[in-house]
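Dear colleague,

I am handing over to you the structure below, together with an account of what was found in it. Please keep it open while you read.

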Amino acid sequence: MKDHSWGLVGTIVLELLYDGARHVVKAGDERDSHLAREMRAHREWLGPWTMRGRAPQLVHADEDAKLIVTRFLPGELVEGTEHEWRPDTYRQAGELLRLLHEQLAVEDEDFEARGQAKALWWLDQPHRIAPDIAERLREQVESWPTPTITLVPTHGDWQPRNWLVYHDVVSVIDFGRADLRPALTDFARLSAQQFRTNPELEQAFLDGYGTDPREPEAWRRNRIREAIGTAVWAYRVREEQFEQQGHRMIAEALTN
């Protein structure tokens with residue numbers, strides 16, 4: 001019925017009609033690493049949402065074939081609509097995120113060390129970060145402590161691009177970045193985008209979520225990791241607007 005693929009990566013996303021019901025089918029290419037995460041999220045973490053009709057139901061998954069089928073979830077993407085700037089959208093999003101995060105908490109001694117290594121790896125890839133800024137980033141990342149940290153189930157790309165709204169009710173899609181991470185990581189996209197220009201949205205989100213997990217030092221490390229990854233990945237896929245966001249994120253993370 002419709003092709004929902006982005007075209008930036010090799011994942012195909014199709015809306016199909018089968019036996020009178022609408023479905024969404026995702027298929028990954030040989031380089032795909034996201035569908036396995038999406039399958040795990042459906043099997044282990046999405047129950048609090050699917051039982052409320054706020055996330056799509058899993059129909060079929062084949063990890064070897066890199067193929068997943070879900071029930072179609074009605075609604076329009078929040079991004080680019082009036083709902084993107086409504087506080088109630090963010091209150092609902094905060095409530096949904098709390099339901100995801102509160103299911104499980106595990107202590108991890110190696111998460112920060114892995115994040116440090118990944119940030120340095122990104123800096124070793126081709127990019128357009130100015131040499132002096134890249135060196136400054138490298139020095140800071142290498143100096144970081146690597147404490148034990150609490151991980152919870154996270155979405156990994158929590159922002160209006162992955163929220164649907166239907167009759168003013170917010171629901172969630174796209175779990176290809178789902179993983180166990182610190183709760184604060186799901187605040188990163190919003191803090192770099194919508195919260196920058198409208199503090200009312202941030203307050204509504206926190207009202208829905210209930211607390212603020214952004215411990216200052218861990219939050220700063222995450223902001224720098226996110227900024228580096230955004231700038232380098234966007235350069236790799238030639239998404240110039242997103243790359244510019246990454247450079248802005250780097251400047252703000254180094255300043256604040």
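The model is a predicted one, in which local features need pLDDT of at least 70 and side-chain atom pairs count only at pLDDT 80 or more, while totals for chains, interfaces and linings use all residues. Residues are numbered from 1 along each chain as its sequence is written, and side-chain values use heavy atoms, with hydrogens and water left out.

**The sheets**

Helices (H or I, at least four residues) and strands (E, at least two) are DSSP runs, numbered from the N terminus. Two strands are said to pair if DSSP finds at least two bridges between them. Strands β2 (residues 12-18) and β3 (residues 21-27) are joined by seven bridges in the antiparallel sense. They belong to an open sheet of five strands, with antiparallel pairing and the order β1-β2-β3-β5-β4. At its edges stand β1 (2-3) and β4 (58-62); each has a single partner strand, so one side of each is left without a neighbour in the sheet. Helix α1 (residues 35-44) packs on this sheet and touches β3, β4 and β5 (67-71). Contact here means heavy atoms within 4.5 Å. The direction of α1 makes about 40° with that of β5; axes are lines fitted to C-alpha atoms, for helices over the stretch in contact, and angles run from 0 to 180 degrees between N-to-C directions.

A further open sheet has three strands in the order β6-β9-β10, again with antiparallel pairing. Its edges are β6 (76-77) and β10, each with a single partner strand, so one side of each is left without a neighbour in the sheet. Two bridges join β6 to β9, and the bridge partner of Glu76 in β9 is Val165. Helix α3 packs on this sheet, touching β9 and β10, and its direction makes about 45° with that of β10.

Strand β8 (residues 149-154) pairs with two other strands. Three antiparallel bridges join β7 (residues 106-108) to β8, where Thr150 is the bridge partner of Glu107. Three bridges, also antiparallel, connect β8 with β11 (residues 179-181), and Val152 stands opposite Arg181 in β11. A residue is buried under 20% relative accessible area, exposed over 50%, and partly exposed in between (1.4 Å probe, protein chains only). Five of the six residues of β8 are buried, so the strand is largely enclosed by the rest of the structure.

**Aromatic rings**

Rings of Phe, Tyr and Trp (its six-membered ring) pair if their centres lie within 6.5 Å; planes under 30 degrees apart count as stacked, over 60 as edge-to-face and the rest as tilted. By this rule there are 10 aromatic pairs. Trp49 and Trp158 form a stacked pair, 5.6 Å centre to centre with 20° between the planes. Trp49 lies in helix α2 (residues 47-50) and Trp158 in the loop between β8 and β9 (163-166), so the pair ties together parts that are 109 residues apart in sequence. Both Trp49 and Trp158 are buried. The rings of Tyr90 and Trp163 have centres 5.4 Å apart and planes at 75°, so this pair is edge-to-face. Tyr90 is in helix α3 (residues 87-101) and Trp163 in strand β9, 73 residues apart. Tyr90 has a relative accessible area of 0%, and the value for Trp163 is 0%.

**The nonpolar cores**

A nonpolar core is a set of buried Ala, Val, Leu, Ile, Met, Phe, Trp, Tyr and Cys residues joined through side-chain atoms within 4.5 Å. The largest has 36 residues, and those with the most contacts inside it are Trp49, Tyr90, Trp158, Trp163, Phe175 and Phe205. Helix α3 gives the most to this core, with six residues. Apart from it lies another core, of 19 residues, including Leu123 and Met249.

**Two loop residues**

His167, in the loop between β9 and β10, has a positive phi of about 50° although it is not a glycine. His167 is exposed, at 67% relative accessible area. Asp174 is placed in the loop between β10 and β11; its phi is positive, about 65°, although it is not a glycine. Asp174 counts as partly exposed, at 27% relative accessibility.

Yours sincerely
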